Amino acid sequence: MNDHDPLEDLLPRLKESAPKDFARRVRLGLPVRRRAVWWPEGLAWAPPMVAGALAMLLLTLFLQMPPEPAAPEPTARVVRFELLASEAQEVQLVGSFTQWETGHIRLQGPDATGHWTVELTLPEGRHEYGFLVDGHLWVSDSLAELHREDGFGRLNAILEI
Amino acid sequence: MNDEPDEKEWIQRSLEGDPSAFSCLVLRYQDVAVNLARRITGSRTDGEDVAQEAFIRAYRKLHQFDPVREFRAWLLGITANLAKNHIRRRTRREDREQVDPLLQEEQHDRDPRLAALTDAMEALSASERAILTLKYMEGYSVNDIATILKIRQSAVKMRLARAREHLLNHPLFQEENSYERS
């Protein structure tokens with residue numbers, strides 16, 4: 001009488017491993033979920049704001065040229081900004097479209113999943129932005145497609161419309 | 001297994017939107033998920049696609065995951081369900097002839113019984129293949145398998161017995177039994 005189950009020996013030997021690039025493939029397929037990247041509290045976030053404001057000022061001066069006749073109407077697009085920050089008390093959106101000034105755009109939230117959201121109509125072009133959490137923490141949108149160093153060791157998210 | 005603190009942290013960070021934390025979960029469980037999906041679909045590439053979809057589904061539904069449960073079992077349940085749905089769609093498309101073989105040549109050469117076993121498993125239902133894989137390759141009990149596949153324990157036992165009977169009736173095992181008896 002032999003009670004040994006031959007399947008116990010053979011079936012485990014059929015096990016195969018995932019291909020080496022499997023985790024990368026999964027990563028590429030994950031849906032974009034806005035992620036909060038918290039900067040150290042000790043670092044002030046003012047420098048990038050000042051740099052951005054200066055850049056906008058220079059750009060504004062540069063663009064003060066004689067009016068061009070019959071300029072085409074720029075197109076615009078509604079953009080949804082989203083940040084997961086369930087513990088936050090307040091989230092603001094700060095960017096080139098606010099002249100890097102705070103207090104203009106506050107996100108609604110958090111919802112049941114901890115997300116803060118706001119929808120904006122932005123003109124075509126290139127916009128830089130970041131999130132300001134609880135008035136003092138600068139949060140980068142790390143899942144934005146493009147980023148740019150602001151010269152102070154941080155990254156601003158870039159949105160191309 | 002889900003008691004490991006790093007896994008709970010990975011899940012929490014994934015819920016907070018950190019894909020790198022979810023990648024840690026992928027690296028830990030990719031082998032079991034891919035293997036189960038390959039076994040159920042009977043195809044290497046289909047199995048990989050199904051397992052990939054299972055991880056993405058798990059990421060999307062992570063807020064529904066009950067931390068009391070084992071993440072591995074929860075993931076395998078998603079994988080098995082997607083694999084069975086995949087087979088139904090594939091059957092409708094009648095493209096089974098395009099299915100790539102599971103075993104590689106070197107495995108056939110090493111032990112011809114593995115090739116025979118693989119062939120014999122193809123005749124089983126998707127559910128039976130899932131049950132065999134979860135029991136013999138992943139070591140789950142009948143109770144665990146019933147939970148993972150969301151079927152009754154009696155159904156697991158019945159299908160397991162039927163699958164074992166089918167495999168052990170293969171000429172390969174019949175020959176071995178006759179040797180043992182003689």
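Start by selecting chain B, where the secondary structure comes to 10 helices and zero strands; helices are DSSP runs of H or I with at least four residues, strands are runs of E with at least two, and both are numbered from the N terminus. Along the sequence the pattern reads α-α-α-α-α-α-α-α-α-α.

Before you click on, some housekeeping. This is a predicted model, in which local features need pLDDT of at least 70 and side-chain atom pairs count only at pLDDT 80 or more, while totals for chains, interfaces and linings use all residues. Residues are numbered from 1 along each chain as its sequence is written, chains are lettered from A and ligands numbered from 1 in the order in which they are written, and side-chain values use heavy atoms, with hydrogens and water left out.

Stay on chain B and colour by burial: 53% of its 182 residues are buried (under 20% relative accessible area, with exposed meaning over 50% and partly exposed in between; 1.4 Å probe, protein chains only).

Next, pick residues 19-41 and 44-60 of chain B, helices H2 and H3. Their axes come within 8 Å and cross at roughly 140° (lines fitted to C-alpha atoms over the stretch in contact, angles from 0 to 180 degrees between N-to-C directions). That makes H2(B) oblique to H3(B); angles under 35 degrees count as roughly parallel, over 145 as roughly antiparallel, 65 to 115 as roughly perpendicular and the rest as oblique. Show side chains for the contact (heavy atoms within 4.5 Å): H2(B) brings residues including B:Phe22, B:Tyr29 and B:Arg38, and H3(B) brings residues including B:Val50, B:Phe55 and B:Tyr59.

Now zoom to B:Thr133, in helix H7 (residues 126-137) of chain B. Is B:Thr133 buried or exposed? Buried, with a relative accessible area of 0%. The side chain of B:Thr133 reaches the backbone oxygen of B:Arg129 at 2.7 Å. Leaving aside residues up to four places away in sequence, B:Thr133 touches B:Asn35, B:Leu36, B:Arg39, B:Met121 and B:Glu138.

Last stop: chain A, with three helices and eight strands, running α-α-β-α-β-β-β-β-β-β-β from the N terminus. Of its 161 residues, 39% count as buried. The accessible surface of chain A comes to about 9,600 Å², 56% of which belongs to carbon and sulfur atoms.

Terms used: Polar contact = N/O pair within 3.5 Å; in protein donor to acceptor, adjacent residues only side chain to side chain. Areas by Shrake-Rupley, 256 points an atom, 1.4 Å probe, with all protein chains shown as cover.
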